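Have the sequence and the model side by side, and let us walk through them together. We will start with a pair of helices and then turn to the pockets.

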Amino acid sequence: MASWDVQFMMLALENARLAAGRGEVPVGAVVVADGQLIGWGCNDRKSTGAVLGHAELNALRMAAEALGDWRLPKKSTVYVTLEPCIMCAGALLQARVGRIVFGCRDPKFGALRSLYCLAEDPRQSHRAGVEEGVLKELCESGLQLFFENIRSGSPS
């Protein structure tokens with residue numbers, strides 16, 4: 001695991017904490033191109049009432065605005081605390097992301113390892129490298145604590 005992977009995943013975790021503080025499922029994402037942070041986001045479905053309010057989509061939107069193009073550079077990397085769902089994995093492939101790094105798997109919705117391997121499917125016109133497990137324990141613990149608090153009726 002490269003030191004920059006840890007550094008950028010820590011930024012994704014900061015975004016996840018922002019989401020949790022707003023009562024959102026704590027998932028955060030950042031987009032990096034040429035070593036520069038060009039987009040970030042966290043889940044905001046509850047506060048916006050928008051089904052598309054996933055961390056990855058919010059980060060992609062910001063990156064596209066920063067670049068003035070929906071296509072990301074070939075060597076771009078997206079760091080996300082939780083394995084992307086089908087919708088987000090599709091958006092990452094559409095944006096031509098070169099690499100996707102995620103913290104922990106999502107056994108119910110994960111589309112890169114858990115349920116599907118969309119980013120590496122040879123039938124796709126664009127494929128992305130996938131790395132999992134960067135700061136896995138921190139990513140898992142934030143989600144576990146959030147859902148334990150919901151089940152117990154405690155504030156997040």
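In this predicted model, helix α3 passes α4 in a left-handed crossing. Two packed helices are described by the angle between their axes and the distance between the axes. Here α3 (residues 55–67) and α4 (residues 86–94) pack at an angle of about 25 degrees, and their axes are 9 Å apart. Angles under 35 degrees count as roughly parallel, so α3 is roughly parallel to α4. If you zoom in on the contact, you will find Glu 56, Leu 57 and Leu 60 on the α3 side, meeting Met 87, Cys 88, Ala 91 and Leu 92 of α4. Sorted by class, this contact has six nonpolar residues, one charged and no polar ones.

Now for the open spaces. The largest pocket holds about 620 Å³, and 23 residues line it. To find its centre, look for Val 25, Leu 82, Asp 106, Phe 109 and Phe 147, the lining residues nearest to that point. Which helix gives the most to this lining? It is α5 (residues 136–152), with six residues. The lining as a whole divides into 11 nonpolar, nine charged and three polar residues.

The second largest pocket has about 170 Å³ of space. Its lining counts 13 residues, with Arg 17, Ala 20, Pro 26, Gly 142 and Leu 143 closest to the centre. Helix α5 turns up again here, giving the most to the lining with seven residues, while α1 (3–21) also supplies at least two. By class, this lining has nine nonpolar residues, three polar and one charged.

Terms used: Residues numbered from 1 in each chain as written. Predicted model: local features only at pLDDT ≥ 70, side-chain atom pairs only at ≥ 80, totals over all residues. Heavy atoms only, no water. 1 Å grid on protein atoms, 1.4 Å probe; cavity = no way out; pocket = protein on both sides within 12 Å on 5 of 7 lines; lining within 4 Å. Points joined across faces, edges and corners; volume = space filled by probe spheres on them. Helix = DSSP H or I, 4+ residues; strand = E, 2+ residues; numbered from the N terminus. Nonpolar A, V, L, I, M, F, W, Y, C, P; charged D, E, K, R; others polar. Axes fitted to C-alpha atoms, helices over the stretch in contact; angles between N-to-C directions. Parallel < 35°, antiparallel > 145°, perpendicular 65-115°, else oblique. Left-handed = near helix turned anticlockwise from the far one by under 90°. Contact = heavy atoms within 4.5 Å.
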